[in-house]
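Please examine the sequence and the structure shown below. The paragraphs that follow lead from single side chains to the chain as a whole.

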Amino acid sequence: FPSHPYFSKSLGAGQLELFNLLKAYSLLDTEVGYCQGLSFIVGMLLMHMEEISAFHVLKYMMYDLGLRRQFKPNMTALQMKLYQLTRLIHDHCREVYDHFEKHDISPTLYAAPWFLTLFASQFPLGFVARVF
């Protein structure tokens, strides 16, 4: 969120907290390590709570809610979500599915960032805050 005031200042409090939290998580979860999508999730958390609370919430989301499965190197959980989305579109929005198929538009093109950032990279911050 380079345009957000909290993260815009080079080496400012927001950028340092973001770095600290991502580094701490990567050391905690060596199987996942650092993934680019995590910075959006952590950024949203830091906009709404203190650094230590954001770390605990991230850890809860990743381990207890199972979010870390989609960040593992094989990304099997992400592939499953993309498949499920495709099937939902196929079953409930057949015209959209057919249009996507006709133009060779895979959900990987548009939905992978949604799932990897919990919508934070693609949607307005107010909407993302409500999703969180």
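A residue is called buried when its relative accessible area is under 20%, exposed when that area is over 50%, and partly exposed in between. The model discussed here is a predicted one. By these cut-offs Tyr 6, with a relative accessible area of 29%, is partly exposed, whereas Phe 7, with 5%, is buried.

The overall plan of the chain may be considered next. The chain contains nine helices and zero strands. Its C-alpha trace spans about 45 × 30 × 20 Å along the principal axes. Of its 132 residues, 37% count as buried. Among the contacts with a separation of 6 or more, 58% are accounted for by residues 24 or more positions apart. The accessible surface comes to about 8200 Å², and 60% of it belongs to carbon and sulfur atoms.

Which residues of H2 are buried? They are Gly 14, Glu 17, Leu 18, Leu 21, Leu 22, Tyr 25 and Ser 26. These residues cover an arc of only 160° around the axis, and therefore lie on the same side of H2. An α-helix has 3.6 residues a turn, so residues three or four places apart point the same way. The buried residues of H2 pack against helix H1 (5-8), helix H3 (38-48) and H4. The face turned away from the buried side carries the exposed residues Phe 19 and Leu 27.

Side chains of opposite charge can pair when their charged atoms come close. The structure holds five salt bridges. In one of them, Asp 29 pairs with Arg 68, the closest N and O atoms being 2.7 Å apart. Asp 29 lies in the loop between H2 and H3 and Arg 68 in the loop between H4 and H5, so this pair ties together parts that are 39 residues apart in sequence. Asp 29 is buried at 2% relative accessibility, and Arg 68 is buried at 12%. Arg 68 also meets Glu 31 in a salt bridge (3.1 Å, N to O). Glu 31 is partly exposed, with a relative accessible area of 43%. A further salt bridge joins the side chains of Glu 31 and Lys 72 (3.9 Å, N to O). Here Lys 72 in the loop between H4 and H5 is linked with Glu 31 in the loop between H2 and H3, 41 residues apart.

Is Leu 67 buried or exposed? At 9% relative accessibility, Leu 67 counts as buried. Leaving aside its neighbours within four places in sequence, Leu 67 is in contact with Ile 41, Met 61, Met 62, Lys 81 and Leu 118.

Aromatic rings complete the picture. A search of the whole structure finds 11 aromatic pairs. One of them joins Tyr 6 and Phe 7 edge-to-face, at 5.0 Å centre to centre with 80° between the planes. Tyr 110 and Trp 114 also form an edge-to-face pair, at 5.5 Å and 65°. Tyr 110 counts as buried at 19%, whereas Trp 114 counts as partly exposed at 23%. Phe 100, Tyr 110, Trp 114, Phe 119, Phe 123 and Phe 127 form one aromatic cluster.

Definitions and conventions. Residues are numbered from 1 along each chain as its sequence is written. This is a predicted model: local features need pLDDT of at least 70, side-chain atom pairs count only at pLDDT 80 or more; totals for chains, interfaces and linings use all residues. Side-chain values use heavy atoms; hydrogens and water are left out. Rings of Phe, Tyr and Trp (its six-membered ring) pair if their centres lie within 6.5 Å; planes under 30 degrees apart count as stacked, over 60 as edge-to-face and the rest as tilted. Buried means under 20% relative accessible area, exposed over 50%, partly exposed in between (1.4 Å probe, protein chains only). Contact means heavy atoms within 4.5 Å. Helices (H or I, at least four residues) and strands (E, at least two) are DSSP runs, numbered from the N terminus. The arc is that of the directions from the helix axis to the C-beta atoms. Accessible areas come from the Shrake-Rupley method with a 1.4 Å probe; for residues, only the protein chains shown count as cover. A salt bridge is a side-chain nitrogen of Lys or Arg within 4 Å of a carboxyl oxygen of Asp or Glu.
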